[in-house]
Amino acid sequence: MADLALARGTLDRARLLRLLQEYGVYAGVAVLLLFNFAFTPYFLSTENFRTQAVQVAPVLVVALGMALAIGTEGVDLSVGSVMALSTSLLSLYLGYGPWIAALIAVLGGIVVGVANGALVAFVGVQPIVATLALMVAGRGLALVLLPQLKDVRDPGMAALGSGDVLGVPYLVLIAAALALLVAFVVRRTTFGRQVLAIGDSRPAARLAGLPVSRVLVVVYVCSGALAAVAGILATARLSASDPTSLGTLMELSAITAVVVGGTPLSGGRVRIGGTVAGAVLIQLLTTTLIKHDLPPSWTQIAQAVVIVLAVYAARERGRR
Amino acid sequence: MLSVTKLSKTFPGVRALSDVDFTAHAGQVHALVGENGAGKSTLIKVLTGVYRPDAGEVSYDGAPVRFATPLQAQQAGISTIYQEVNLVPLMSVARNLFLGREPRGRLGLIDFGRLHREADEALRRLGIRVDVRRPLRELGVGAQQMVALARAVAVDARVVIMDEPTSSLEPREVATLFGVIRMLRERGVAVIYVSHRMDELYEICDAVTVLRDGRVVHTGPLAGLDRLRLVSMMLGREIGEVRTEGLTKFSGSHTATAEPVLRADNLTVRHRLNDVSLALRPGEVVGLGGLLGSGRSETAKAIAGALPTDAGRVSVAGTPVRTGSTAAAIRAGISLLPEDRKAEGIVPGLSVRENIALAALPALSRFGLVDDSRIDRVVETFMKRLRIKAAGPHQKVGELSGGNQQKVLLARWLALHPKVLLLDEPTRGIDVGAKAEVQALIDELADDGLAVLLISSDTEELIEGSDRVIVLKEGVVVRELTGDDVTEDGLMRALASAPAGGHDG
C-alpha cells in the first residue's frame, strides 16, 4: 500500500478534521463557558461552579468505568442499576458506620462487575446483552433490599455530600482523583495497554498471549466498582437513598460523555481527558438551556445534536 | 478502454503516484506489478473512484471521467475484485451474487426462484458447485473468492480489476479463474491483473506495467520480457545482482544435530488433524508442506495453543506444555506468526511501538507499570535490526505496508526471546523486497539457534528455506523430505503420490 500516512499532515481538510476529533470536545466546553460568561447572569460565581461540579461528579465517575468497557469494544448498561444497588446497600448497612457501609456498597458493585465480566469473557455473551440482564436484575435487587425512598441521616455522609477542602467539594475531589487514577492506569500500566489491544483486535490479542478473559473481567469489575462509588456520592449529595430513581438513564449519560469525548465505540482507544470534558460539556449544555428558561425537552434535543456531531467527527477516524 | 494520464496522488507526507500514465485496452489482460508501496493499490483506488486524484486525468471509453464514488465506477462497468473478499457473509450465495440488482417479480418483491436459478447457472458456468441458498460465510475463502468473481463477471463489466485474486485460491480454483479471465478477454473486456506471482503473470497476461515508488518504470507487452529483467525493474536493482543472490534469500542449510527443542506428539483435532507428530531441533528450519486445507496452519495453531486439541502432547526442551492455551505456549517459548496478519496478528489502531511491546509487556513492566524507557530501547533495537520502515515508533501499524506489518509482528515475537518460532505464510502478500528481507531474517534466526517451523504456499520458498520438509495431506503426515530429497520435485511427488491416510479431510 502506498498510502503510508506520515504524522504531519499537509491536507488542510484532513488536518482540520483531526483537530476536531482531538480537541473538539474541549472547544465545545470553551465555547459554552464563554457564551455563559457573556450572556448568563450570575454564571460567573463560585457558588455556580460548585453546583455544576457537584452535579457532574457522579456522571463522570460512571463514565470513567464506561470508557474502559467501551475501550474493549464492549459497553456496560448495568451502571445505573449498580448505583441504585449501591445506595440500597449503603443505607442498609449505615448502622455499621459510613466506612463499612461504603465498602459494602462498592463490594456490591464489584459482584455485579464480576457477573458481567464472567458472562462476557467466559460465557461469550455479547456485552450489551450481558449487562442488560444485570441492569434489570440489579435494579430489582436494589428495590428488594430497600423498597422505598429513605432519608440518610449520618454525619459522615453529610460531610461527604457538602463538605469541602479549600472551597472544592469532596465529591469533586473524589471524582477528579478517580479520573486521574483511571487515566494513569490506561496510560501507564500493562493492564491499560492490554485493554486497548483487546479492544482493537481481540484475535490478535489472544494469539499474542494476553490474558483476554481476565482483562475483560477486571474491566467490568472496575466499571461496577466505579458505578457503586458514583452511587455513594449521589446518595451523599441528596442525603437520601432512592433506589427507584437513582441512576436511571445514567448508562446513557455515561455513554454520551464517553462518545462525545472522542472514545470510539469500536474500541481500541480510551480518552479519559475527553471523557471528563464530555461529561462537563453535557452538564454545561443542560445548565445553559435551563438558565435561559428553555424547556427540558430542548436539552434532550441539544444532547442529541452533540452526540451526532461527535459521531460525525469520529466517522473518518478509520479512513485515510 | 480505461486510461489515466499524468496522474498524481499525494497522501500526507507521501507522494503515492506521480505522473502515472496507464492504459488498459479492451480484450487485453494487463498486469500491474510492483513492490508493496509502489502505488498499485492507490492506482486501483483512483480507477475505481475510491480516491480522487490530485492531478491528471482518468478517461474511460475515450471520454474524461471523474468517478466520485465506487458506485459510479461500478455503474459505468468497472468491476473490482479485491484481495479480501468484500461480500456479505450472512447472506446467501445467490443474494450476494445479485446484491443490488435482484430479479424482481410482481409487486417489486424479490423473485427468489429466479434468483436461485440464475445464481446457480452463473456459478455453474464458472465450474463452481455450491448450494446457492447457503450463507456465504459457510464457504471456504477460495470459494468465496470465486463468488466475488462470478459477481464481477455477471454485472456485464467492461473493465475488471483483480487485486491479487489468487492469494487464497487452490491450484484448481486458479485454473478456473484463468479460464474465466480468458473468457473475459474474448468478450472484449479489459482486465487489470495485480499479482506478485510471476508464473501467473506469464501464463495469463498480455501486457505489463511496472510501478516503482509511484512512477511507471516500464510498460509494454509481457511476451519476450525476461523474468529476471521484470524482477530487476520491480526492485530497481541490476540483473546480475538479482541472479547472484537468487530469487529467494535463503542460504538453505543449517547444521542441526542437537536434541529436539520442540516435540509435538500425536496431535489430533477432530476433522482437521490426525496423529500429527513432529520435532524441531534448535537451529533448523523445518518446512511444513501440503496443499490448502491439509492441516498446516492447524498444526501450527495446535502447537501454539491457539487451537484446542483432542489428543496429543507438546513439549519444549523436555518440559510438557499445556495445550489449548496460547499463554502457556508463549511462556514455554513458542511463538506463532499467524497466517491472517490483518485479523489475527497486528493490532492496527495501536502504534508500532505498542505492537512490538504487546506480548513482552509483562517482562517490560514493574509492578504492572510500563517501563517506557526499556520499551523504547527494545523497540529501537528491533526497528533497526528488522529494518522496519515507519514514520516513527508512534505511527499506527494499520498504516504500514504489509511487509513492514509482518516485520513488526516478527519483532513482537523476537522481543520475547522464543525458542521455537512457528511462521505461517510469513511472506504472503508482501512485496519482493520485503520478502527477501524476511527470508534472510528467518535464516539468520535459525543460525542464532532458534527452531523454526515454516509454512509456505510458495514452493520455492519452502524448498529453499527448509532443511527438512514434513508433508501433510488431509491432516496426516505423509512424508518427510530430508537432505537431497528436499526439492520441488520431491515435494510434488510426495503431494501427488501419497495415499490419503486420513478419513475425514
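How many of the 20 residues of helix α12 of chain A are buried? In this predicted model, 15 of them are, and the helix is mostly covered. Helix α12(A) comprises residues 272–291, and its end C-alpha atoms lie 28 Å apart. That agrees with expectation, because 20 residues at 1.5 Å a residue should span 28 Å. Just after this helix, Asp293(A) adopts a positive phi of about 55 degrees.

Chain A as a whole contains 13 helices and four strands. Its radius of gyration is 20 Å, close to the 20 Å given by the globule rule for 320 residues, so chain A is as compact as a globular protein of that length. Along the principal axes, its C-alpha atoms fill a box of roughly 70 × 55 × 35 Å. Of the 320 residues of chain A, 51% count as buried. Among contacts between residues at least 6 apart in the sequence of chain A, 78% join residues at least 24 apart.

Chain B holds an open sheet of six strands with mixed pairing, in the order β6-β7-β8-β3-β9-β10. Strands β6 (78–81) and β10 (215–221) of chain B form the edges, each pairing on one side only. From one strand to the next, the twist averages 15 degrees. Within the sheet, β3 (residues 29–33) and β9 (residues 207–212) of chain B run parallel and are joined by four bridges. Leu32(B) has Thr209(B) in β9(B) as its bridge partner.

Technical notes: Residues are numbered from 1 along each chain as its sequence is written. Chains are lettered from A and ligands numbered from 1 in the order in which they are written. This is a predicted model: local features need pLDDT of at least 70, side-chain atom pairs count only at pLDDT 80 or more; totals for chains, interfaces and linings use all residues. Helices (H or I, at least four residues) and strands (E, at least two) are DSSP runs, numbered from the N terminus. The expected span of a helix is 1.5 Å times one less than its number of residues. A residue is buried if 20 or more other C-beta atoms lie within 10 Å of its own, exposed if 12 or fewer, and partly exposed in between; C-beta atoms are placed from the backbone. The radius of gyration is taken over C-alpha atoms; the globule rule is 2.2 Å times the number of residues to the power 0.38. Two residues are in contact if their C-beta atoms, placed from the backbone, lie within 7 Å. Two strands pair if DSSP finds at least two bridges between them. Axes are lines fitted to C-alpha atoms, for helices over the stretch in contact, and angles run from 0 to 180 degrees between N-to-C directions.
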